[in-house]
Amino acid sequence: MTRRAKIVATLGPALDDREKLRAAVEAGIDVVRLNFSHGDHDTHARRLETVRELGQRLGRNVGCLADLQGPKIRLGMLPDPGIEIVTGGEVYLHPGVEELDAYESEGLPALPVVYEALADDVTPGSLMLIDDGSLRLVASRVEDGVVRARVVAGGLAKSRKGLNLPGVKVSAPCLTEKDIEDLEFANQLGADWVALSFVRTPDDIMDVRERIKALNGESPVIAKLERPEAIENLTDIIDVTDAVMVARGDLGVEIGPERVPAIQKEIIAEANAESRPVITATEMLDSMINSPRPTRAEASDVANAIFDGTDAVMLSGETAAGSYPVEAVRTMARIVEVAERSPHLIHPSPPPHSELSVSRVVAQSAVQVARDVQATAIVAFSMTGWSVQLVSKMRPEMPLVGLTPSARAHGRTALMWGTEAALVPMKDRAQELLQAAEKVLLDGNWAATGDTVVMVTGPPGSLGGTSRIWVHRVGDEIIH
């Protein structure tokens with residue numbers, strides 16, 4: 001395997017053509033993202049079914065990430081092509097409505113906002129940003145449930161564009177009624193990961209985890225970090241979540257784009273220290289929505305995320321709605337491969353030894369042993385994927401092969417840096433585990449007879465945690 005960091009690609013109309021999707025999977029998609037901000041359940045189910053079928057045909061372990069919309073504040077529907085609001089002028093914002101009977105009030109433009117609590121959350125002086133900050137308003141008066149605002153930077157307001165409230169404590173819950181319905185559907189689909197939008201506190205993560213448990217689900221949770229409150233509570237959030245996403249779009253609007261690069265490095269470093277997978281997302285190859293080539297700045301952005309130590313990089317509009325979805329995947333794969341060969345790549349250091357659990361000590365030691373004996377590969381047996389994740393976070397130079405009897409754990413490993421995976425039946429004895437590992441390594445061309453490999457596991461057939469390291473030469477007699 002030449003590329004270690006994983007590629008997450010958002011599904012959408014641009015990949016609805018089966019042959020394009022097949023080409024994109026072959027080009028390097030490791031995890032598909034179902035974006036519940038768009039599309040209906042039937043469409044998402046159809047797309048995922050096609051992905052799973054193609055993955056099986058191509059021999060690729062392609063995971064699924066269900067991305068909940070969260071309390072996204074948007075404009076309602078506006079007349080085409082939009083409504084012009086003029087710098088220095090004023091505008092009315094009508095909360096809790098999708099459309100207006102008239103888009104003018106007292107001679108001023110009037111805009112519908114689907115968020116019902118807008119007039120409760122903002123006060124005079126509150127900044128309101130539309131369309132990722134392209135339009136900037138300042139609330140001047142809140143009266144009778146309507147917000148009147150001064151236009152600081154004008155332009156064309158278009159239907160369904162996002163509205164951000166930087167510095168405002170938004171009262172909407174992190175998990176909306178729509179999210180609850182989508183969560184139930186994602187559980188029915190067997191999503192490998194669930195991403196929670198606009199996380200603010202650890203309680204948001206605990207809430208969605210309890211809901212997944214109540215559904216008899218087991219999808220791990222990804223905290224999308226895109227609110228200032230999330231950065232303030234970063235350590236506590238990382239402590240309780242299963243993975244994180246650096247969601248740079250809304251984060252950049254909320255805190256300013258100039259702060260995003262440093263915060264990205266901070267998030268990745270903290271996530272790595274706690275062995276949490278981290279995805280870097282938003283506008284990574286944005287120009288490829290309309291162009292077959294990225295800008296030099298975009299190529300540098302993807303490479304720098306790899307240098308920072310991210311586990312995965314994500315494509316959004318590039319593969320969901322762009323004109324060159326397959327080329328975007330190929331381009332990202334090439335950038336990642338070249339960055340990973342660079343002498344400037346510095347793998348993240350593990351946390352201090354005193355902070356490591358027994359499982360992480362074993363994972364770290366296994367990687368060191370593999371280096372010392374010049375192992376061809378590391379094999380990690382896992383019921384849940386956790387042991388595989390721990391070894392992945394220690395960044396082994398050699399291939400890491402995860403073996404699991406669980407289809408759900410198998411899908412999760414698709415997001416884990418440097419990891420390939422295979423399904424094996426439940427094994428209750430060490431001899432059987434070694435035999436299964438040998439077969440997978442030989443069949444997958446990850447090792448040959450006579451190669452030295454390192455194996456990591458807990459007590460065979462149990463959930464006892466990562467506790468054992470074996471050094472084995474492929475083909476040698478396996479003794480009870």
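I began with the second largest pocket, whose lining has 10 nonpolar, 12 polar and 9 charged residues. For these classes, Ala, Val, Leu, Ile, Met, Phe, Trp, Tyr, Cys and Pro are nonpolar, Asp, Glu, Lys and Arg are charged, and the others, Gly among them, are polar. Next I looked up which residues sit closest to the centre of this second largest pocket: of 31 lining residues, they are Gly59, Arg60, Asn61, Val62 and His410. A pocket is an open set of points on a 1 Å grid over the protein atoms alone, where a 1.4 Å probe fits, with protein on both sides within 12 Å along at least five of seven lines; lining residues have an atom within 4 Å of a point.

I kept in mind that this is a predicted model, where local features need pLDDT of at least 70, side-chain atom pairs count only at pLDDT 80 or more, and totals for chains, interfaces and linings use all residues. Residues are numbered from 1 along each chain as its sequence is written, and side-chain values use heavy atoms, leaving out hydrogens and water.

Then I checked the backbone. I found a cis peptide bond joining Asp80 and Pro81, with omega about 0°.

Arg160 is not a glycine, yet I noted a positive phi of about 65°. Arg160 counts as partly exposed because its relative accessibility is 35%. Asn216, also not a glycine, has a positive phi of about 60°. At 74% relative accessibility, Asn216 counts as exposed. Buried means under 20% relative accessible area, exposed over 50%, and partly exposed in between (1.4 Å probe, protein chains only).
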